[in-house]
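Please look over the sequence and the structure before reading on.

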Amino acid sequence: MSVNEIRNVGFIGQSGVGKTTLIERLLYESRSSTHLGTVKDGDTITDFDPQSIQYQHSIEATPVALTWQKHRMNILDTPGLPELLGRSLSVFPAVEATALVLDANTTLNQVSERLFAFAQEQQKCQMIIINKLDLNSHLIGELISEVAAHFGSNCLPINLPSADGKKVIDCYYAPKYDEPVLFDSVTDVHERLIDQVIEVDEALMELYLEQGSELSPQQLHDPFEEALRTGHVIPVCFVSAETGAGVELLLRTLAEIMPMPDEGNPPLLEKKGKQVKVDCDQLDHSVAHVYKVSVDPYLGKLAYIRVFQGEINAGSQLYVGESNKAFKVGHLYQLQGKKRIEISSAKAGDFCVLAKVDDLYFDSVIHDSHDEDNIRMRTLSFPEPMYSQAIRPTKRGDEQKLSEVLNKIVAEDPTLRLEHRTRTNETLLSGQGEFHLKIALEKMESLYKLPVSAAQPSIEYYETITQPAEGHYRHKKQSGGAGQFGEVQLKVRPLEPESGFVFVNKVVGGAIPTALIPAVEKGIRQAVDEGAISGNPIRDIEVTVYDGKYHSVDSKEIAFVIAGKKAFLDAVNKASPIVLEPIVELSLVVPTLAVGDVTGDLAGNRGVIIGTNAAPNNQTTLDAKAPLNELQDYSQRLRAITGGEGSFSMTLSHYEPAPMNVQKRVCGESLAS
């Protein structure tokens, strides 16, 4: 198939708008499938994985292909749940165009707005599809106004719902001017669309104004593509996936207006900071990008690939990034849901899947010549993790397996993060929310047969002192043979925050031999790590050893380790020790209407608002500080307050003294453990 006959489109949008059902209808109406599945019955082509069927929501981004009038359309069905937004964003580099699907009966939410903005950032040609026109069609006019207000007046209908909402009237290819429509008029919509398109082509505009005659879709093709590339026009289509109304017009729009691979904006490939141009017609050098990684129980690791230049064949020798070691392409597939179709080659513009190549990872660039070394896809901006859990295997002895499986799970999802905290000996999995981690852990158990337990991560507290003090300890042990003797006198004083631990030796006259001073410091450092009152490390403290005693026979290293430790603890307990708690900086984006509730919730949990700023689309950004202890369940709280439309990120700011009730709880928990 010629590259000119290929179209690559990502279907994006908030959950529940009917993306999966619409794709199912497109496959059926184009005769690319013989069965019209439903989400409810769990038999759609794109939602074939067990979790998508169980939750009746798309969990994975899934490619399918359909053929319509000699055009091949590669369509990506993407998740719309807020917590899975990263899985949708990750596939943007694979397509030239995105189709934002909206529900005619539902107002816009932050997911659709973020996806639309991300498509602009990624320089994608865009279209909008308004689905479910058969339900409450009287609301569609309000949605069109909302679309124009949020996304711009360049969002122009290319067709309109009929007056009864049962079919769709063409306003572009062969306008039916006399047909009654639900709102506006075919004539006005047609003229606005043509006027907007020809603004990018002065010669065509002059011809149109001089002749005052109709311009054919063929005459408008090139300026329409330019208008799409620059975002000057965003066509709006109407459809009902349930009844099939408007589906044929949508197929025609996808085939004739959405860009072919060399018509869209070029992929954002870079080399040493400069954009790299790829040529769909060049056959010498192959360049492709891994936009998704998954694990199949039978095929192993699967790399989903978009070919930008050249051709990948079964048997090709390819390189990953800057690697000098080539790998050989074995089996090459195209996927149609769970159906695998083995192919011999994939050309520029094509999607394909490589199996069992362990060196491939998400965002890899693969090529067949060292001339393409150092080419990378421009880094995508993924949402920061908002929720963490400490993960451990339920079965003893599975610790190594846990590490291996978690690394595989994280490799599949660019918005999951894995961290091991040495101090608390916890393995932390972080993501966008409770549901995001839930599906990851369910997959670990179902696919890898590894059941795990999850709990809130421990908060890393510290101890410090608030006043100077002195400490003394004499260690003396006699047990028949050689004894142990060591005596240490020292002083402690508090330091400025973030100063850490400072050890000073001021022993004179050989009261403690120089060779035994490291043993004293070792004992003190042990106590610093173990803490004095809560079991947490001590920080921002200076220790000065100034005197002591030793015995020429019984003074050994172990004696001064013990004496140093005990003398230090004696001093700390006299120096009014306290517990320090972590304070984090929060950056929030919330609906403006929810600002009062969000700030009230933070204030009620010892948070402080530092600043607020207006953001686009009726959003407000908030900067705040709050104790980490009060934010353990914050992702759930924020979603509840904002109706699922709030997001946040946080970074450690500093440590400060905890309130007395927190100090008592932390010290009590330590004693109890």
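The lining of the second largest cavity divides into five nonpolar, one polar and five charged residues, where Ala, Val, Leu, Ile, Met, Phe, Trp, Tyr, Cys and Pro count as nonpolar, Asp, Glu, Lys and Arg as charged, and the others, Gly among them, as polar. This is a predicted model, in which local features need pLDDT of at least 70, side-chain atom pairs count only at pLDDT 80 or more, and totals for chains, interfaces and linings use all residues. Residues are numbered from 1 along each chain as its sequence is written, and side-chain values use heavy atoms, with hydrogens and water left out.

**Second largest cavity**
- A cavity is a set of points, on a 1 Å grid over the protein atoms alone, where a 1.4 Å probe fits but cannot get out, and its lining residues have an atom within 4 Å of a point.
- The second largest cavity holds about 80 Å³ of space, a volume being the space filled by probe spheres set on grid points that are joined across faces, edges and corners.
- With three residues, α11 gives the most to this lining; helices are DSSP runs (H or I, at least four residues) and strands likewise (E, at least two), numbered from the N terminus.

**Largest cavity**
- About 110 Å³ of space lies in the largest cavity, and its lining includes Glu60, Arg87, Tyr291 and Phe362.
- β12 supplies the largest share of that lining, four residues.
- By class, the lining of the largest cavity has six nonpolar, two polar and four charged residues.

Terms used. 1 Å grid on protein atoms, 1.4 Å probe; cavity = no way out; pocket = protein on both sides within 12 Å on 5 of 7 lines; lining within 4 Å.
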